[in-house]
Amino acid sequence: MTFKTLDDLTDIAGKRVLVRVDLNVPVKDGQVTDTTRIERVAPTIRELSEKGAKVILLAHFGRPKGEPVEDMSLKTIAPAVEEILDQRVYFAADCIGDKAAGAIAELNDGDVLLLENTRFHKGEEKNDPAFVTALAANGDLYVNDAFSAAHRAHASTEGLAHHLPAYAGRTMQAELEALEKGLGNPKRPVVAIVGGAKVSTKIDLLQNLVKKVDALVIGGGMANTFLAAQGIDVGKSLCEHDLAETARSIVAAADAAGCAIVLPEDGVVAREFKAGADNEVVDIKAIPADAMVLDVGPKSVAAVSDWISRAETLVWNGPLGAFEIAPFDRATVAVAEHAASRTRAGALVSVAGGGDTVAALNHAEVADDFSYVSTAGGAFLEWMEGKPLPGVDILRQAK
Ligand SMILES: Nc1ncnc2c1ncn2[C@@H]1O[C@H](COP(=O)(O)OP(=O)(O)OP(=O)(O)O)[C@@H](O)[C@H]1O
Ligand SMILES: O=C(O)[C@H](O)COP(=O)(O)O
């Protein structure tokens with residue numbers, strides 16, 4: 001790896017370390033409903049605290065557009081961070097200026113302080129040099145542990161690394177190492193599964209993947225667009241008919257690159273989009289005109305599983321069917337279980353990401369068996385699209 005990590009941070013007792021974390025977590029009625037992101041950054045915070053640093057957390061929460069918004073205060077999140085760390089977490093009502101400086105002056109070695117939402121200032125998203133300078137005034141060192149915000153070139157995700165000695169936190173490090181194994185320098189054959197609702201949100205991703213992987217499995221609603229582009233009647237299925245040409249060009253690019261495109265051979269169809277709806281398995285060329293495909297069928301599961309059995313690396317984004325409503329979760333669960341068992345056997349590196357994908361793997365109860373499950377949404381997609389991530393690139397360049 002070409003970036004510095006916490007291993008390079010020795011002798012930091014008493015140093016003020018600004019740590020960018022992602023605390024953009026779901027909240028309902030003032031309570032954090034999913035603490036995964038907090039759990040992921042806890043090891044970095046603990047390690048720095050144990051080394052005697054004054055740990056100063058920087059984070060955004062929501063999209064307040066550059067001014068304070070009460071229900072986007074990080075004060076709401078502080079108790080959850082405190083609980084997970086099992087350590088007092090102090091809070092300052094601003095991330096720059098006197099309030100931040102005053103709170104930092106009170107810190108003892110090893111203490112943890114959370115600063116208010118960086119996006120309460122317009123300078124954050126603009127990466128404004130004056131705002132970066134004001135943030136940098138609070139620290140001696142900078143650690144970025146927020147891979148999931150690394151697609152943003154903001155003051156706290158990118159700007160600070162120009163001002164302070166910069167290091168990757170443990171989660172950032174783990175994520176980059178996993179992603180490197182996934183697409184950067186993977187063991188071949190590499191299979192990618194892309195599912196989910198629509199082609200339109202994943203065109204860049206599909207175009208990038210066909211250049212990098214040996215087989216691209218297309219499932220979920222987006223498969224219908226590819227099938228329709230081949231002249232298959234998809235009945236009432238979700239389908240973006242206007243993207244037929246795009247779908248054909250992706251298949252042509254795959255052919256040129258030697259990437260196999262794996263489309264469903266059969267589908268589970270229903271007449272209603274609801275749990276327990278009457279359903280049947282049909283050949284993909286025999287979808288009834290009044291029905292919609294809500295999952296891929298058993299033959300398709302077998303074909304995908306066969307690819308996974310031959311693969312050394314799997315990259316997955318997007319479920320194979322409407323997994324939220326049973327029984328249309330079957331293919332996603334079966335393929336997830338197969339990938340998990342190959343991973344457990346040490347035969348497969350499996351990397352997955354995307355909000356619904358993580359939910360689907362949790363539903364299949366195999367998320368812990370995958371080599372790496374990314375908590376990043378947009379950043380994971382941009383990485384799969386082959387786009388540069390400013391928050392990562394600057395860490396690689398950092399002195
Ligand atoms: N055949 C289908 N017909 C209709 N909807 C489908 C079908 N297959 C999958 N879906 C829907 O696709 C959605 C997930 O797609 P999405 O592209 O959002 O996944 P993701 O990339 O993992 O998640 P996120 O966008 O949150 O990062 C699910 O809500 C699922 O019900
Ligand atoms: O939740 C996320 O994906 C990250 O925290 C980035 O948030 P953003 O999309 O508001 O920049």
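Me: At roughly what angle do the axes of helix H1 and H2 cross?
Reply: The axes of helix H1 (residues 36–50) and H2 cross at roughly 65 degrees and come within 10 Å. Axes here are lines fitted to C-alpha atoms, for helices over the stretch in contact, and angles run from 0 to 180 degrees between N-to-C directions. Helices (H or I, at least four residues) and strands (E, at least two) are DSSP runs, numbered from the N terminus.

Me: What kind of model is this, and what pLDDT do local features need?
Reply: This is a predicted model in which local features need pLDDT of at least 70 and side-chain atom pairs count only at pLDDT 80 or more, while totals for chains, interfaces and linings use all residues. Residues are numbered from 1 along each chain as its sequence is written, chains are lettered from A and ligands numbered from 1 in the order in which they are written, and side-chain values use heavy atoms, with hydrogens and water left out.

Me: Back to H1 and H2: is the crossing left-handed or right-handed?
Reply: The crossing of H1 and H2 is right-handed. A crossing is right-handed if the near helix is turned clockwise from the far one by less than a right angle, and left-handed if anticlockwise.

Me: Which residues meet there?
Reply: From H1, Ile 38, Glu 39, Ala 42, Ile 45 and Arg 46 meet Ala 80, Val 81, Ile 84 and Leu 85 of H2, where contact means heavy atoms within 4.5 Å. By class, the contact of H1 with H2 has seven nonpolar, no polar and two charged residues. Ala, Val, Leu, Ile, Met, Phe, Trp, Tyr, Cys and Pro count as nonpolar, Asp, Glu, Lys and Arg as charged, and the others, Gly among them, as polar.

Me: And H8 with H10, at what angle do they pack?
Reply: Helix H8 (residues 203–212) and helix H10 (residues 244–257) pack at about 15 degrees, with their axes 8 Å apart. H8 and H10 are therefore roughly parallel to each other. Angles under 35 degrees count as roughly parallel, over 145 as roughly antiparallel, 65 to 115 as roughly perpendicular and the rest as oblique.

Me: Which residues of H8 and H10 meet?
Reply: Ile 203, Leu 206, Gln 207, Val 210 and Lys 211 in H8 touch Thr 246, Ile 250, Ala 253, Ala 254 and Ala 257 in H10. This contact of H8 with H10 comprises seven nonpolar, two polar and one charged residues.

Me: What about H11 and H12, at roughly what angle do their axes cross?
Reply: Helix H11 (residues 298–310) and helix H12 (residues 330–344) have axes that come within 10 Å and cross at roughly 15 degrees. H11 and H12 are therefore roughly parallel to each other, and their crossing is right-handed.

Me: Changing topic: which residues are around ligand 2?
Reply: Around ligand 2 are Asp 22, Asn 24, Arg 37, His 60, Arg 63, Arg 119, Ser 148, His 151 and Arg 152, a residue being near a molecule or strand if one of its heavy atoms lies within 4 Å of it. Oxygen atoms of ligand 2 are 2.8 Å from a side-chain N or O atom of Asp 22, 3.1 Å from a polar side-chain atom of His 60, and 2.8 Å from a polar side-chain atom of Arg 119.

Me: And which residues come nearest to ligand 1?
Reply: Of the 19 residues around ligand 1, the nearest are Lys 202, Glu 324, Gly 355, Asp 356 and Thr 357. An N or O atom in the side chain of Thr 357 lies 2.4 Å from an oxygen atom of ligand 1. A polar backbone atom of Val 293 is 3.1 Å from a nitrogen atom of ligand 1.

Me: Where is the cis peptide bond of Pro 189, and in which loop is Pro 189?
Reply: The cis bond joins Arg 188 and Pro 189, with omega about 0 degrees. Pro 189 sits in the loop between helix H7 (170–184) and strand E9 (190–194). The bond from Ala 326 to Pro 327 is also cis, with omega near 5 degrees, and Pro 327 lies in the loop between strand E15 (313–317) and H12.

Me: What is the phi of Lys 65?
Reply: Lys 65 has a positive phi of about 60 degrees although it is not a glycine. Most residues other than glycine have a negative phi.

Methods. Polar contact = N/O pair within 3.5 Å; in protein donor to acceptor, adjacent residues only side chain to side chain.
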